[in-house]
Amino acid sequence: EENGHQNKRLKSDADEEDAEDQNKRSPKRKIVLLMAYSGKGYHGMQRNVGSSQFKTIEDDLVSALVQSGCIPENHGEDMKKMSFQRCARTDKGVSAAGQIVSLKVRLIDDILEKINNHLPSHIRILGLKRVTGGFNSKNKCDARTYSYMLPTFAFAHKDHDVQEEVYRLDKETLDKVNKLLACYKGTHNFHNFTSQKGPRDPSAKRYIMEMYCGEPFVRENIEFAVIKVKGQSFMMHQIRKMIGLVIAIVKGYAAESIMECSWGEEKVDVPKAPGLGLVLERVHFEKYNRRFGNDGLHEPLEWTEEEEKIAVFKEQYIYPTIINTEKEEKSMINWLNTLPIHDFNSSAVGMQVNHKTSK
């Protein structure tokens with residue numbers, strides 16, 4: 001019996017030594033992972049530890065990191081232990097083509113292949129780079145670019161009887177859309193574009209660098225267009241509300257003057273476009289790249305070599321999901337039917353009256 005115990009003890013000691021050797025061979029390093037995912041069926045990116053009924057992208061990612069041997073199991077339970085930080089918290093149903101997460105992992109051989117082997121096909125790690133020890137993907141990010149893919153019949157005027165599959169966007173309407181989207185550029189108070197901020201909250205002021213709608217294209221008999229927006233950072237639902245308001249104006253439900261009013265202190269009823277078409281395209285680290293990108297130790301956080309993989313992933317998983325879900329669930333059509341319920345006049349008219357009185 002004593003010998004049996006001794007043998008077991010020796011074996012467990014040897015196993016521990018093997019694990020320690022393995023850890024010494026692959027010490028923990030701070031890295032960033034470039035992620036792409038289709039968000040359908042997920043309650044956003046960020047993990048809610050202890051809430052298994054709402055599945056998130058990070059649940060699947062952490063599970064794959066543990067199973068592939070990059071992180072010990074207890075780091076999966078307490079993500080602070082691996083200094084985990086995501087660059088953007090995408091909402092429920094929102095996809096990403098260029099999400100970045102930073103964390104400490106063991107740099108095992110064939111790391112990307114091993115992580116991807118434990119992920120579903122609609123979540124992929126497309127790239128990995130070493131970063132400085134104090135790097136935090138959220139704090140070091142200067143800007144984020146999102147796209148929003150929508151069927152162009154969303155811009156058809158409310159007084160026109162529209163056949164969804166036949167509708168094609170004319171140049172005049174596209175120009176009007178782009179003129180309105182360009183109004184968002186610069187710094188504005190976006191408290192009306194989220195449910196979380198009051199009119200005097202300084203963090204409701206956000207800086208938008210560019211926003212425009214590209215040329216339309218036809219997929220599966222329906223014409224779509226993609227709106228791109230680049231900003232420093234965005235609040236919950238902000239982009240969907242920015243697009244929702246432009247659609248309401250172009251369709252003739254709201255006056256153009258409402259946009260200016262929405263940046264004032266008055267409460268304005270801003271409709272929120274469906275989440276389906278929203279995609280986190282890429283995140284920008286211009287300051288970090290200038291400082292560390294060419295220091296001889298670190299690479300700039302740019303992903304030119306991965307561009308092709310990103311494009312293939314979008315064509316395979318993101319665009320078909322948006323198109324097929326739109327056709328099956330008609331999320332845009334159903335949402336457009338709710339626009340007449342919104343009251344676009346009360347606060348806007350009130351403000352104009354107040355403005356005249358004060359003059």
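Arg86 is buried, its relative accessible area being 13%; here buried denotes under 20% relative accessible area, exposed over 50%, and partly exposed the range in between (1.4 Å probe, protein chains only). The structure is a predicted model, in which local features need pLDDT of at least 70 and side-chain atom pairs count only at pLDDT 80 or more, while totals for chains, interfaces and linings use all residues. Residues are numbered from 1 along each chain as its sequence is written, and side-chain values use heavy atoms, with hydrogens and water left out.

The side chain of Arg86 meets that of Glu58 in a salt bridge, with an N to O distance of 2.7 Å. This pair links distant parts of the chain, since Glu58 lies in helix H2 and Arg86 in strand E2 (residues 85-86), 28 residues apart. Helices (H or I, at least four residues) and strands (E, at least two) are DSSP runs, numbered from the N terminus. Glu58 is likewise buried, with a relative accessible area of 0%. A salt bridge is defined as a side-chain nitrogen of Lys or Arg within 4 Å of a carboxyl oxygen of Asp or Glu, and a search of the whole structure finds 14 of them.

A further salt bridge joins Glu329 to Lys40, with the closest N and O atoms 3.9 Å apart. The two residues, 289 apart in the chain, belong to helix H9 (Glu329) and to the loop between strand E1 (28-37) and helix H2 (57-68) (Lys40). Glu329 counts as partly exposed at 45% relative accessibility, and Lys40 counts as partly exposed at 40%. In another such pair, Asp142 and Lys287 have their closest N and O atoms 3.7 Å apart. Asp142 is in the loop between strand E4 (123-130) and E5, whereas Lys287 is in helix H8, 145 residues away. Asp142 is buried at 11% relative accessibility, but Lys287 is exposed at 58%.

Tyr146 is located in strand E5 (residues 143-151) and is buried, at 7% relative accessibility. Leaving aside residues up to four places away in sequence, Tyr146 touches several residues, among them Ala88, Lys228, Phe234, Ile239 and Glu281, contact being heavy atoms within 4.5 Å.

Strands E6 (residues 186-189) and E7 (residues 205-213) run antiparallel and are joined by four bridges, where pairing requires that DSSP find at least two bridges between two strands. Within this pair, Gly186 stands opposite Ile208 of E7. E7 also pairs with strand E9 (residues 222-231) in the antiparallel sense, over five bridges, and Tyr212 stands opposite Lys228 in E9.

Helix H6 (residues 238-250) has 13 residues, which at 1.5 Å a residue should span 18 Å, in agreement with the 19 Å between its end C-alpha atoms; the expected span is 1.5 Å times one less than the number of residues. Because 13 of the 13 residues of H6 are buried, the helix is largely enclosed by the rest of the structure.

His298 lies in the loop between helix H8 (286-292) and helix H9 (307-329) and counts as buried at 19% relative accessibility.
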